[in-house]
Amino acid sequence: MTLALNLKQIHCHYQNTVVLRDLSLQLEAGQILCLLGASGCGKTTLLKAIAGLEPIRQGEIYLHQQLVASEQFDMPPEQRQIGMIFQDYALFPHLTVAENIAFSLSKLTRQAKAARVEALLALVHLQGLGARYPHQLSGGQQQRVAIARALANRPKLLLLDEPFSNIDSQVRYEMIAELREIFRLEGVSAVFVTHAREEAFAFADQVAVMHQGRILQVGPPEQLYQQPSTEMVARMLGRCSLLPGKVDDSGLSAQCELGTLRLNRRFKAGALVQLMLRPQHLGIAKQGVAADILQHQFRGDYHLYQLQLKGQQCWAQQSQLWPELALPHVTVLTDSVHAIATDASQDDMALAG
Ligand SMILES: Nc1ncnc2c1ncn2[C@@H]1O[C@H](COP(=O)(O)OP(=O)(O)OP(=O)(O)O)[C@@H](O)[C@H]1O
């Protein structure tokens, strides 16, 4: 495995405030990593530290096995061969599209420069628009120029800060699909920042969930969504019900208010766990565990219900509206359930690790 980026226990401070703590992270070459977290958790600071715009107090940063930052060493940003795409794209307003893209290609001959610009315009589907100025482009087109400019010098790593926040939500996912294809064609390794989990899921190969300057969990989007290691990660990645349960003697199922549910991995017998059920794991039926409907929302593709069980609340979703007169019961729609150990020492996987 070739690593495009390797962060080893980095710490970052602003004056006396610690913003990144003991943060380690790896990115395989050719992959897209998303830093996902609430406002103020340190995502932009981490991008700046990688780019060389913010010094680190401890730890080491490697780009393709080359040390670029440590406590004693700080390679200047322009030597790191990193491309950056800012939220507002930061295009030069007085330069044409072609001049913006060619801006950092100073080492090439005029002919080679023109050829590279043409190839990049084609890559980002802006053929024929090289002579325009940024203000003559749509937001999406400006973003494509910013991408072409960032890719011009074949950077070792591309950093993107909230790349889709200025893109209309209707075309956002088309843009995400297109960018993934462009990055694949160019063999780009990238780190991007967002606080929108749907963007993280759609764009990233790996998601790192951040909270208060630390990484809580890293993994492929689907794995994180289905198997979060803590309650906080479970909630950060989407709506869910967390029901207290106790693992039975087999270690493979647990009892909770919805009955005995099969677990997706083995736990220590008697362990106390939280059983995590996404809304699509629960449905409403005529039989099951009796519940009251607390609220209902029509979400277009489905109906979302918040339900009160005897002691707990849970979320269920279904395609049909539940008829008002029928008595609702909650039914479990999944074969096995992910559980989070209330006390990590009770978790057999944790013990094995
Ligand atoms: N130049 C600075 N001087 C002092 N504190 C700063 C500076 N820049 C950021 N901070 C603080 O560091 C913390 C992390 O900020 P950062 O911008 O990295 O967060 P973020 O996760 O990117 O947030 P957002 O999603 O809102 O952009 C915040 O508490 C912020 O107030």
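Which residue lies over the face of Phe92?

1. Arg149 does, at 5.1 Å from the ring centre. A charge counts as over a ring if NZ of Lys or CZ of Arg is within 6 Å of the ring centre and within 35 degrees of the ring normal.

2. Some ground rules. This is a predicted model: local features need pLDDT of at least 70, side-chain atom pairs count only at pLDDT 80 or more, and totals for chains, interfaces and linings use all residues. Residues are numbered from 1 along each chain as its sequence is written, and side-chain values use heavy atoms, without hydrogens and water.

3. Phe92 also has a ring partner. There are 6 aromatic pairs in the structure. Rings of Phe, Tyr and Trp (its six-membered ring) pair if their centres lie within 6.5 Å; planes under 30 degrees apart are stacked, over 60 edge-to-face, the rest tilted. Phe92 and Phe103 have ring centres 4.5 Å apart and planes at 45°, so this pair is tilted. Phe92 is partly exposed, with a relative accessible area of 26%. Buried means under 20%, exposed over 50%, and partly exposed in between (1.4 Å probe, protein chains only).

4. Now look at Phe201 and Tyr225. Their pair is edge-to-face, with 5.8 Å between centres and 80° between planes. Phe201 is partly exposed, at 27% relative accessibility. The charged end of Arg278 sits over the ring of Tyr225, 4.1 Å from its centre.

5. One aromatic cluster is formed by Phe164, Phe183, Phe192 and Phe203.
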